[in-house]
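Please open the model in your viewer and keep the sequence panel beside it.

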Amino acid sequence: MRLGGTIGARLGRKRPPLPLAEDPGRKFVPWLIALVVFLAALALAGLMALADIAATWDRGLIGTLTVQVPDNSRADAAGRAAQAKRVDVAVAALKATQGVASVRVLEAKETAALLEPWLGGGAYVASLPLPSIVDVQLEVGTHINVAGLTELLAAQVPGTTVDDHRRWTDRLVTILRAIEALAAVVVALVALAAVGTIVFATRSALAVHAETIELLHIIGAEDEAIAASFAQQALGLGLRGGLIGLIGAVVAGSGIAFAFARLPAGLMPSVALTPLEVAALALVPLTVAAIAALTARATVMASLKRML
Amino acid sequence: MRESVVRFENVGMRYGVGAEVLHDIRFELAPGSFHFLTGPSGAGKSSLLRLVYLAHRPSRGLIHIFGHDIATAPRERLPLLRRRIGVVFQEFRLLDSLSVLENVALPLRIAGADPEEIEKHARELLEWVGLGAQMRAKPSTLSGGQKQRVAIARAVINRPSLLVADEPTGNVDDEIAVRLLYLFEELNRLGTTILIATHNDSLVARFDHPELHLLDGELTVRAGRPAHPGARGAPAPAAAPATDGAAS
């Protein structure tokens, strides 16, 4: 067997022989990194999803508007005809509005059903002067000027109001923004923990291999070559652990997304990560591995600099 | 006049902030010379050798190795100087994860020699020290004497200009110790400057070489004594290649 084929592979010019993989403690490093990447990727995915939801609600693009046409007429046939005419005018105006996908006037019994939790199901509800409710579905991504629409409708049908649910979405957005900030802090802390883990693991390895490093140093190995060996090992461990962590995060994230998808339509806006966000998630293990390599290199170089 | 291989001027040394373990050390090693470094245990022999093979900074004084002032030599130059120094450590310092052959080959690999040349010379050296049958063995399976020979083979594979050995006979019996000294003499005849630390006075008495004597961190130089009759005759080592930074 040729030496070139044995130690040649292990003792390459750019890869001095540091048997780091045989350090029992380093077997745990990929798992530590996997855990860190798992948490970081989930936190980042959550952060991005929250940001998307908050942005959707913040822009008022949840996709629906509710228009109320007040019923000021008498409760007789002429009055109902007048109200129907007012509703038709409002519906016509809505249909003529750009970005409106569909318009549906709720039937009286549907309106009564909405009030049932508060007023009960008595027949008297039908005699109340309830406004006509118009459910408006918007085209995806459409931005509607609610104030302008309200003004337009009120000009044609006085008293008509448009509700874009801003009052309660504003509160939700506020809560979401707070959670988003918390998630950002979690991501930052996880990143710090990743750096700490790598520094600790590298220093432990250095302590175990201090004599080997000094031997290589004395024999004439260059600092860069020794440090590169450690960095290469750390990069490999980081990539291996990072991949495990990312796979775990993708599985867990998919489970959460599946659970959200089963919620009734309209309760939550649908959130799909953009290609850029997916790329950002894929960068997590790469970033962690790069941090591992750079930290290892810096730690070893600092140690070697203390020698002659 | 040829430049000294090693020159110490008023060198002091301490570990960290501890007390000075070497004081005002002054000596020179001429090219091709052979010196013993003697003194009782704890006298500072290993510390002085660490300064010679560039593992430690002096706390004061000047050290010149191959004409280079270590204090002012650029750091990137030091690995090349270290490759010209072969070191036999007292505790061998073989890498247990590597085979005997890989351990011996280590200095040449670090120096960037051709893999085929490395294998050829590592094999030759191991045959020379009588370990041809143990090339694939791990150091942990070898006896103390065998490890010593592996350590010597590793120290000389680079054809160093200076060979430094720290108690190389400390783990072997007298007969093997004498044979090792013959071996060092053969290397010396090939032009290698030799410095051997030992506290074995009887061994020193058998060979005609000057002595650097350390006592309580202070050095005195003693002239060589007549050699023991018949202290010659070990086979010469196979020629190893001069590599980047190695002496020609």
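**Chain A as a whole**

The average for chain A is 79, and 83% of the residues score at least 70. Among the elements of this chain, strand 2 of chain A has the highest mean pLDDT (90), and helix 1 (residues 3-10) of chain A the lowest (41). Over residues 1-21 of chain A the pLDDT is below 50, although this stretch has 46 contacts in the model beyond near neighbours in sequence; two residues are in contact if their C-beta atoms, placed from the backbone, lie within 7 Å. Where pLDDT is low, the predicted coordinates should not be read in detail.

Now switch to a cartoon view, where chain A shows nine helices and four strands; helices (H or I, at least four residues) and strands (E, at least two) are DSSP runs, numbered from the N terminus. Followed from the N terminus on, the elements run α-α-β-α-β-α-β-α-β-α-α-α-α.

**The sheet of chain A**

Select the four strands of chain A, which form an open sheet in the order 2-3-1-4 with antiparallel pairing; two strands pair if DSSP finds at least two bridges between them. Strand 2 (100-105) and strand 4 (161-163) of chain A are at the edges with a single partner strand each, so one side of each has no neighbour in the sheet. Neighbouring strands are turned against each other by 25 degrees on average, direction ignored.

Zoom in on strand 1 (residues 64-69) and strand 3 (residues 132-138) of chain A, which pair in the antiparallel sense over six bridges. Here Val67(A) stands opposite Val134(A) in strand 3 of chain A.

Next pick Lys95(A), which lies in helix 3 (residues 77-95) of chain A. Is Lys95(A) buried or exposed? Lys95(A) is exposed, because 11 other C-beta atoms lie within 10 Å; a residue is buried if 20 or more other C-beta atoms lie within 10 Å of its own, exposed if 12 or fewer, and partly exposed in between, with C-beta atoms placed from the backbone. Leaving aside its neighbours within four places in sequence, Lys95(A) is in contact with Val100(A) and Val103(A).

**The nonpolar cores**

A nonpolar core is a set of buried Ala, Val, Leu, Ile, Met, Phe, Trp, Tyr and Cys residues joined through C-beta atoms within 7 Å. The largest one has 123 residues, and among the members that touch the most others are Val37(A), Ala292(A), Val104(B) and Val164(B). Its largest share, 20 residues, comes from helix 2 (residues 29-58) of chain A. A second, separate core of 13 residues includes Val67(A), Ala90(A), Val136(A) and Leu149(A).

**Chain B**

Val164(B), in strand 7 of chain B, is the bridge partner of Val87(B). Strand 6 and strand 7 (residues 162-166) of chain B pair in the parallel sense over four bridges. Both faces of strand 6 (residues 85-88) of chain B are covered, with Ile85(B) and Val87(B) buried on one side and Gly86(B) and Val88(B) buried on the other.

Move along to Phe92(B), in the loop between strand 6 and helix 3 (100-111) of chain B. Phi of Phe92(B) is near 70 degrees, a positive value in a residue other than glycine, and Phe92(B) is buried, with 20 other C-beta atoms within 10 Å.

Technical notes:
Residues are numbered from 1 along each chain as its sequence is written. Chains are lettered from A and ligands numbered from 1 in the order in which they are written. This is a predicted model: local features need pLDDT of at least 70, side-chain atom pairs count only at pLDDT 80 or more; totals for chains, interfaces and linings use all residues. Axes are lines fitted to C-alpha atoms, for helices over the stretch in contact, and angles run from 0 to 180 degrees between N-to-C directions. pLDDT is the predictor's confidence in each residue, from 0 to 100.
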